[in-house]
Amino acid sequence: MSSAPSLADFVTALDKLEVRGKNWVSFKRRFTIAVRQKEVWDHFDGTTPCPVPADPAAPKAAETALIKAWQKAENTALYLLSLKIPESIY
């Protein structure tokens, strides 16, 4: 039994950023908490850059797996962001 909030919880629990940014302070605080819970905050603050194989011409299986895992988390981060900001800002 998982107690982690679902994507639906993320969508309903967090208001979108207003176009003029009137709710920026509360949005930033809540968005940060939400994406930390989804374990992708490091994709927003830049602490986990995309891994690079030691030999790009012949990446090892473990390196390829790390890159794929990073890309999956990056895709999740971008998706979560796109759900909560207006198209004109995105």
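**Briefing: loops, helices and a nonpolar core**

Glu39 counts as exposed, at 68% relative accessibility. Exposed means over 50% relative accessible area, buried means under 20%, and partly exposed lies in between (1.4 Å probe, protein chains only). This is a predicted model: local features need pLDDT of at least 70, side-chain atom pairs count only at pLDDT 80 or more, and totals for chains, interfaces and linings use all residues. Residues are numbered from 1 along each chain as its sequence is written, and side-chain values use heavy atoms, without hydrogens or water.

**Glu39 and its loop**

- Glu39 sits in the loop between α2 and α3. Helices are DSSP runs (H or I, at least four residues), as strands are (E, at least two), numbered from the N terminus.
- The phi angle of Glu39 is near 60 degrees, a positive value in a residue other than glycine.
- Most residues other than glycine have a negative phi.

**The nonpolar core**

- The largest nonpolar core holds 12 residues, including Phe10, Leu14, Phe27, Phe31, Ala73, Ala77 and Leu80.
- α2 (24-37) and α4 each supply at least two residues of this core.
- α2 gives the largest share of the core, four residues.
- Such a core is a set of buried Ala, Val, Leu, Ile, Met, Phe, Trp, Tyr and Cys residues, joined through side-chain atoms within 4.5 Å.
- In soluble globular proteins, nonpolar side chains tend to be buried together.
- Leu80 is in contact (heavy atoms within 4.5 Å) with Leu7, Phe10, Phe31, Val35, Lys38 and Val40, leaving aside neighbours within four places in sequence.

- His43 belongs to helix α3 (residues 42-45).
- His43 is buried, because its relative accessible area is 16%.
- The side chains of His43 and Glu74 are joined by a polar contact of 2.6 Å. A polar contact is a pair of N or O atoms within 3.5 Å; within protein, one must be able to donate a hydrogen and the other to accept it, and residues adjacent in sequence count only if both atoms are side-chain atoms.
- Apart from neighbours within four places in sequence, His43 is in contact with Trp70, Ala73, Glu74 and Ala77.

**Cys50 in the next loop**

- Cys50 lies in the loop between α3 and α4.
- Cys50 is partly exposed, at 32% relative accessibility.
- Setting aside neighbours within four places in sequence, Cys50 is in contact with Ile67 and Trp70.
- Cys50 and Glu74 are 24 residues apart along the chain, with 8.9 Å between their C-alpha atoms.

- Ala61 is in helix α4 and is exposed, with a relative accessible area of 66%.
- From Ala61 to Phe27 is 34 residues in sequence and 39 Å in space, C-alpha to C-alpha.
- Tyr79 is also placed in helix α4 (residues 61-84), and is partly exposed at 42% relative accessible area.
- Leu7, Val11 and Tyr79 make a nonpolar surface patch of about 250 Å².
- Patches are made of residues with over 30% relative accessible area and no salt bridge: like charges are joined within 9 Å, nonpolar side chains (Val, Leu, Ile, Met, Phe, Trp, Tyr) within 5 Å. A salt bridge is a side-chain nitrogen of Lys or Arg within 4 Å of a carboxyl oxygen of Asp or Glu.
- Accessible areas come from the Shrake-Rupley method with a 1.4 Å probe; for residues, only the protein chains shown count as cover.

**Arg30 in α2**

- Arg30 is part of helix α2.
- Beyond neighbours within four places in sequence, Arg30 is in contact with Ala13 and Leu14.
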